[in-house]
2 protein chains.
Amino acid sequence: MINDPDKILVESVKRLLRRDATTRLRKIVKKTHAADLSLVFHSLSIPNQGRLFNLIDDIEIKGEVFSNVGEDTVLNLIEDLNLDDVVEILDLMPKDDVADLLGRLPVEKSDVILEMMKKEGSEEVEGLLHYGDDTAGGIMVPDFIALREDTTARAAIESLQEEHLDVEMPFYLYVVDANGKLIGVSSLRQLVVVPPNTPLKDFMTTDVFAVKTDMDQEEVAKIVARYDILAVPVVDDTNQLVGIVTVDDVIDIIREEATEDILKMAGAGGDFVETKSIFKNIKMRMPWLFASCVGGIIASFIIGYFQESLSKLAYLAAFIPVIMGMGGNIGVQSATITVRGLATGRLNIRDIWSVVSKQLMVGLILGLLYGTVVGLVAQLKYSRELFALSVGIAVLCSMTMAALAGSLVPMTLAKINIDPAIASGPFVTTAIDIISVTLYFIIATTLLGI
Amino acid sequence: MINDPDKILVESVKRLLRRDATTRLRKIVKKTHAADLSLVFHSLSIPNQGRLFNLIDDIEIKGEVFSNVGEDTVLNLIEDLNLDDVVEILDLMPKDDVADLLGRLPVEKSDVILEMMKKEGSEEVEGLLHYGDDTAGGIMVPDFIALREDTTARAAIESLQEEHLDVEMPFYLYVVDANGKLIGVSSLRQLVVVPPNTPLKDFMTTDVFAVKTDMDQEEVAKIVARYDILAVPVVDDTNQLVGIVTVDDVIDIIREEATEDILKMAGAGGDFVETKSIFKNIKMRMPWLFASCVGGIIASFIIGYFQESLSKLAYLAAFIPVIMGMGGNIGVQSATITVRGLATGRLNIRDIWSVVSKQLMVGLILGLLYGTVVGLVAQLKYSRELFALSVGIAVLCSMTMAALAGSLVPMTLAKINIDPAIASGPFVTTAIDIISVTLYFIIATTLLGI
């Protein structure tokens, strides 16, 4: 949902762009927060995005827009600018965002930009590019405050005033030894409450949470969230402090990972598919639908096999949808509960049997309930006891089996380190469909002797 | 997924509890971070939870466990304790967590505890209980640093050293006027970099983001995430500063809201159903399955209506699953993409027509593709052109309509302020099922003249 002030802002900008009211646009741009301004870009056409961007005077704001707008938009904006201007903007951006951006540009372009930036003394960005996109190294910023253990609180405060003006979020001061190894941490808070002459080693915390550069970003986010910290230091293999991951990036990661899981579960790819082109949409969604299509064709062959029974008892077909639907829905419920429980840490893979047996019980009870309901409807409509019994049993079997599969498959995948989010997508649903239909026809033809 | 160290910790605690090795357990408890310890509780039986809790010596750690473990666990723990001990623990906890906890206790119990706490001078918690659980007021802490605008930087630092030792996350100092109205903010950082005699009014930021006590927590989280801030001040109707919402709580909200959306989309209730009892699981999931059941029964009546055509052409039934499945899956994809896009702000309700027409195009193209595939399969198997054509057209119609409904329904719901997450649950899926089946039989009987 979007707030009304945002809507008003977007509408005003659009109107002024149509009228080409440059002076008034410049005024609006100046008094709007960069985060709000970035939202406007998503609602503009590509040429208008360029026009609005050129009306921003402050280079730092341009950098914030680069950091905040979507990938497609930023690539369009860069397309329009000459490289000198791009380098000037990138120089003022947080280095993790720069590395992220360069990683998405065509290699020829990013190489040229990197060369230009190096001449200006920004080698750090190149260092960041070596880390995987989704690792602690890929999301850290190399700007942090690192001091030696014998620095006094007063000297630390002075160094804050003189040297560390460009540090993004200076709430922690890290303490390192002569080799740059991380040995402690102090908060800015502690710094001001101790007597000025106290050396860091007397009040620093030595029990520091640090993560390695290659740790997956999801794990990093979990640590920050679990321990309620504002930044986590990142160390290399020799325990040397190389960067920090800040809580604002962690928030973005948590949202991204949740989105990824949701889209994967729906079989719609793991990426931000909603703002991509129709072609990309189709490309990302096609494979999942293919799985479902193959499953559906298999089901049609199975039903085709029972063709003769069907021509004797045409209304056998009438209950295919309800049996498939009830199985599919309870299966998706169980899979979603299990996948999300695993993702949030509320379920553990070591509890596999208690989780699965609980879902099985739920499936059995709900299966009995809805099996009775659907069976009664069949009896009322067709007055044929054995047929009604077949329908009821098929609903019961289908729901029980679906609840079992919906929890067992993701738990098993997680156990062998495969992302369980894909498990509640069409693969499991399709499998449930096929098994449900098969069971139904076997039960019905056996009981009815047709 | 759970980290190995966690697994080792849980296993050790379980083993030691079995052996009743109290001394070793106490040692482990002492050296384990409260956040890690809290995880262990989830894997223990209720009596063992009580035993482990009693081995914690530090009351503050007990409070952190209360804040971190799930609702059910904390209620079990409180059950075992006498009220004096409970009050002692609550006194050391963040006040928003206390208010949250008291809100979940039976009224008689929470009233007694509140009375006891008031005697100790903790009236603030009672104030917090008046705000809705999911509002800024319900998640804020009433501890913050508020100073007058003529306070100097030095005096501000001194007040930090003397008065504000219990403030949870003191990175911002708020500036208020004589009536307690919020007029500015300064960071701890700014405080140490300006000359000590500078009054706050000379360097404070007057452009402060503040939220009202009744703002929905999801909106609060979005503001904190959008502007990359560490805490947002909460004001009442008279703009008086009454509390702050900190970034660590925002992280929890973002995760909770994502979980809620995911579960709602799967029709499994909005709450943390995974750790609830079998009975609660059934209760939460039943209504959604009921919707699906009613839909399935309606579908059975529709198919029953075409019974005569079916007995003439039994293999008409064979393609019911694939037509329903393809429609259902593409519908869920479109709905999920739309719902998540709205939740993350990447899609706006004012762009309803561009979003819906894009999904419609995607549905049309994928419908043509898979309609052709399924139609060809039908032709190869049954060699009857008009039948194959019916199947192909039914797949095309079902997929196009499902992609349209999957995006249009959540966009419309969002427009009229109804949570769109419920839209991709069984309601939409069921509607798609019914329409798909109906279309299929109408197309086939018309084309084939049966």
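Start by selecting B:Val194. This residue is partly exposed, with 18 other C-beta atoms within 10 Å. Keep in mind throughout that the model is predicted.

Now show the backbone around B:Val194. The residue sits in the loop that joins helix H13 (188-193) to helix H14 (200-203) of chain B. B:Val194 touches both, once residues up to four places away in sequence are left out. Next, draw a distance to B:Ala403. That residue is 209 residues away along the chain, and the two C-alpha atoms are separated by 58 Å.

Chain A has 22 helices and 6 strands. The C-alpha trace spans about 90 × 60 × 40 Å along its principal axes. Its radius of gyration is 30 Å, whereas a compact globule of 450 residues would have one near 22 Å. Buried residues account for 46% of the chain. Among contacts in chain A with a separation of 6 or more, 70% join residues 24 or more positions apart.

Colour chain A by domain. The assignment gives domain 1 (4-130), domain 2 (146-255) and domain 3 (273-448). Between the C-alpha centres of domain 2 and domain 3 of chain A the distance is 50 Å.

Select residues 231-235 and 241-246 of chain A next. These are strands E5(A) and E6(A). The two pair in the antiparallel sense, over 5 bridges. They form a hairpin with 5 residues between them. In the turn, look at A:Asn239, which has a positive phi of about 65°. Then find A:Pro233, which stands opposite A:Ile244 in E6(A). How many of the 6 residues of strand E6 of chain A are buried? The count is 6 of the 6, so the strand is largely enclosed by the rest of the structure.

The largest nonpolar core has 210 residues. Those with the most contacts inside it are A:Val245, A:Val250, A:Ala317, B:Val245, B:Val250 and B:Ala317. Centre on B:Val245. Beyond its neighbours within four places in sequence, B:Val245 is in contact with several residues, including B:Ala136, B:Ile139, B:Met140, B:Val220 and B:Val250.

Finish where the chains meet. The contact takes 98 residues from chain A and 99 residues from chain B. On the side of chain A that touches chain B, colour by class: 61 residues are nonpolar, 22 polar and 15 charged.

Notes: Residues are numbered from 1 along each chain as its sequence is written. Chains are lettered from A and ligands numbered from 1 in the order in which they are written. This is a predicted model: local features need pLDDT of at least 70, side-chain atom pairs count only at pLDDT 80 or more; totals for chains, interfaces and linings use all residues. A residue is buried if 20 or more other C-beta atoms lie within 10 Å of its own, exposed if 12 or fewer, and partly exposed in between; C-beta atoms are placed from the backbone. Helices (H or I, at least four residues) and strands (E, at least two) are DSSP runs, numbered from the N terminus. Two strands pair if DSSP finds at least two bridges between them. Two residues are in contact if their C-beta atoms, placed from the backbone, lie within 7 Å. Ala, Val, Leu, Ile, Met, Phe, Trp, Tyr, Cys and Pro count as nonpolar, Asp, Glu, Lys and Arg as charged, and the others, Gly among them, as polar. A nonpolar core is a set of buried Ala, Val, Leu, Ile, Met, Phe, Trp, Tyr and Cys residues joined through C-beta atoms within 7 Å. Domain bounds come from an automatic or database domain assignment. The radius of gyration is taken over C-alpha atoms; the globule rule is 2.2 Å times the number of residues to the power 0.38.
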